[in-house]
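Please have a look at the structure first.

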Amino acid sequence: LGVDLSVDMLRAIPVELRSPGGALERRARIPRLAADVRALPFRAASFDAAVCLRFLQLLEPEERVEVLRALSR
């Protein structure tokens with residue numbers, strides 16, 4: 001599941017998956033959701049893991065704590 005506040009960023013999610021060697025593995029439909037990470041519309045423990053790319057460094061330290069708490073939920 002790809003989640004971002006920006007619809008443009010969600011549109012940038014690739015629809016093809018590639019193996020580490022570069023071979024095309026399969027076409028994938030990756031679900032996308034526009035949402036604020038601080039108010040995610042999921043129950044607690046809905047996911048096994050969360051990955052946050054190129055985002056946390058943009059936040060002030062206090063905001064990072066808030067976001068990490070929301071992601072860990």
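The report below covers the model itself, its salt bridges and a surface patch.

## About the model

This is a predicted model, in which local features need pLDDT of at least 70, side-chain atom pairs count only at pLDDT 80 or more, and totals for chains, interfaces and linings use all residues. Residues are numbered from 1 along each chain as its sequence is written, and side-chain values use heavy atoms, with hydrogens and water left out.

## Salt bridges

The whole structure holds 3 salt bridges (a side-chain nitrogen of Lys or Arg within 4 Å of a carboxyl oxygen of Asp or Glu). One of them pairs arginine 11 with aspartate 8, at 3.3 Å from N to O. These two residues sit 3 residues apart in helix α1, so about one helical turn separates them. Both arginine 11 and aspartate 8 are exposed (over 50% relative accessible area; buried is under 20%, partly exposed in between, with a 1.4 Å probe and protein chains only).

Asp36, Arg38 and Glu63 form a salt-bridge network. Arginine 38 meets aspartate 36 at 3.3 Å, N to O, and glutamate 63 at 3.5 Å between the closest N and O atoms. The latter pair links distant parts of the chain, 25 residues apart: glutamate 63 is in helix α2, and arginine 38 is in the loop between β4 (32-34) and α2. Glutamate 63 is partly exposed at 29% relative accessibility.

## A surface patch

Leu1, Val3 and Phe47 make a nonpolar surface patch of about 270 Å² (residues with over 30% relative accessible area and no salt bridge, nonpolar side chains being joined within 5 Å and like charges within 9 Å). Valine 3 belongs to strand β1 and is partly exposed, with a relative accessible area of 33%.

Methods:
Accessible areas come from the Shrake-Rupley method with a 1.4 Å probe; for residues, only the protein chains shown count as cover. Helices (H or I, at least four residues) and strands (E, at least two) are DSSP runs, numbered from the N terminus.
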